[in-house]
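Please read it with the model open.

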Amino acid sequence: MIENYFIKHSKRKNQEENDQPLEGQARKITKKDPLPSLLKEPPLDLTGDKPPTQHDIFTVLKNLPELKWRKITAENLNLEYAIMFTKDEAYKIFNYLENEIVYEHNSKVQVFGKWHNVPRKQASYGNDGLKYSFSGRTISATPWTPFLRELRDMLAAKVGTNFNFVLINRYKDGNDHIGEHKDDEHELVSRSPIASLSFGEARDFVFRHQDSRGAKAVRKIEPVKLNLQAGSILLMNYPTNSYWYHSLPVRKKCLGPRINLTFRQMHC
Ligand SMILES: O=C(O)CCC(=O)C(=O)O
């Protein structure tokens with residue numbers, strides 16, 4: 001079921017949000033976090049528990065209820081958001097991923113010809129031979145793990161897209177971030193949605209229209225700001241990535257880790 005959802009585009013209130021750096025650039029916090037909150041909840045305690053077994057985690061995937069989608073729209077922005085897992089399930093999956101995912105060491109990205117450390121950890125999994133190039137680098141997909149394959153197949157059933165690649169970002173705390181970018185690389189099948197699953201600490205996620213960025217803005221379009229909860233799924237549907245940049249800004253007050261998985265469909 002798709003439920004209409006009206007986002008109140010919050011006003012730009014501080015420099016931190018106005019001045020998103022490009023991927024890889026350092027950024028500076030100038031004022032307190034004033035972000036709104038669409039669906040904001042207290043942080044999770046992610047310490048201490050034993051990782052769940054594969055059986056526990058597969059049972060979670062097999063018993064998902066029908067999703068209640070919320071539509072989020074603006075000019076050429078087409079998003080759908082739903083809570084896919086309960087807090088408890090999301091917590092189990094987070095712990096499972098913490099034990100399963102192998103991240104790259106010392107990832108770097110190129111911005112305006114200069115190399116920067118990636119301010120988070122990254123990994124990618126997918127079909128044999130798939131490679132994804134972005135920000136001056138190319139990463140090759142590691143073969144699917146049984147859990148990621150199951151997650152991919154569950155998404156095919158829920159979303160109707162056969163994803164063949166997943167990029168995983170791990171943010172150790174609110175200092176880790178991802179700068180403004182569009183997911184519009186030519187390896188991606190055009191018009192295919194990107195499915196973004198979040199686990200761990202809830203984080204703000206900001207969309208900014210290409211015409212209203214920085215000093216060279218040609219018109220004023222309010223940014224769209226979400227707070228991505230543990231256990232949520234966000235679908236970035238066509239044509240969002242042709243017009244809107246997105247970022248996960250620094251949030252000093254966020255102390256816990258977060259893992260995000262973006263499932264994509266790439267040309268073989
Ligand atoms: O961490 C997130 O929520 C988003 C990651 C992202 O923007 C990307 O993978 O392109």
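The numbered points below go from the core to the ligand and then to the backbone.

1. This is a predicted model. Please read every point with that in mind.

2. Start with helix α3, residues 87-100.

3. Much of the interest in α3 is in its buried residues. These are Glu89, Ala90, Tyr91, Lys92, Ile93, Phe94, Asn95, Tyr96 and Leu97.

4. The largest nonpolar core has 46 residues. Ile93, Val166, Ala195 and Phe199 have the most contacts inside it. Helix α3 supplies the largest share of this core, 6 residues. In soluble globular proteins, nonpolar side chains tend to be buried together.

5. Which residues does Val166 touch, leaving aside neighbours within four places in sequence? They are Ser124, Tyr125, Gly126, Leu148, Leu261, Thr262 and Phe263.

6. Now the ligand. Its shell includes Leu167, Asn169, Ile178, Asp183, Ser196 and Phe205. Leu228, His246, Leu248, Asn260 and Thr262 also surround the ligand. Strands β10 (165-171), β16 (244-248) and β17 each give two or more residues to this shell. By class, the shell has 5 nonpolar, 5 polar and 1 charged residues. Thr262 is part of the ligand shell and is also in contact with Val166.

7. Strands β4 (108-111) and β5 (114-117) pair antiparallel over 4 bridges. Val109 has His116 in β5 as its bridge partner. The hairpin has 2 residues between the strands, and Phe112 there takes a positive phi near 45°.

8. Check the backbone at a few other places. Most residues other than glycine have a negative phi, and most peptide bonds are trans. The bond from Tyr238 to Pro239 is cis, with omega near 5°. Pro239 sits in the loop between β15 (232-236) and α5 (240-243).

9. Two further non-glycine residues have positive phi. Asn76 has phi near 55° and lies in the loop between β2 (69-74) and β3 (77-83). Arg191 has phi of about 75° and lies in the loop between β11 (178-181) and β12. Are they buried or exposed? Asn76 is partly exposed, because 15 other C-beta atoms lie within 10 Å. Arg191 is exposed, with 11 within 10 Å.

Notes. Residues are numbered from 1 along each chain as its sequence is written. This is a predicted model: local features need pLDDT of at least 70, side-chain atom pairs count only at pLDDT 80 or more; totals for chains, interfaces and linings use all residues. The expected span of a helix is 1.5 Å times one less than its number of residues. A residue is buried if 20 or more other C-beta atoms lie within 10 Å of its own, exposed if 12 or fewer, and partly exposed in between; C-beta atoms are placed from the backbone. A nonpolar core is a set of buried Ala, Val, Leu, Ile, Met, Phe, Trp, Tyr and Cys residues joined through C-beta atoms within 7 Å. Two residues are in contact if their C-beta atoms, placed from the backbone, lie within 7 Å. A residue is near a molecule or strand if its C-beta atom, placed from the backbone, lies within 6 Å of it. Ala, Val, Leu, Ile, Met, Phe, Trp, Tyr, Cys and Pro count as nonpolar, Asp, Glu, Lys and Arg as charged, and the others, Gly among them, as polar. Two strands pair if DSSP finds at least two bridges between them.
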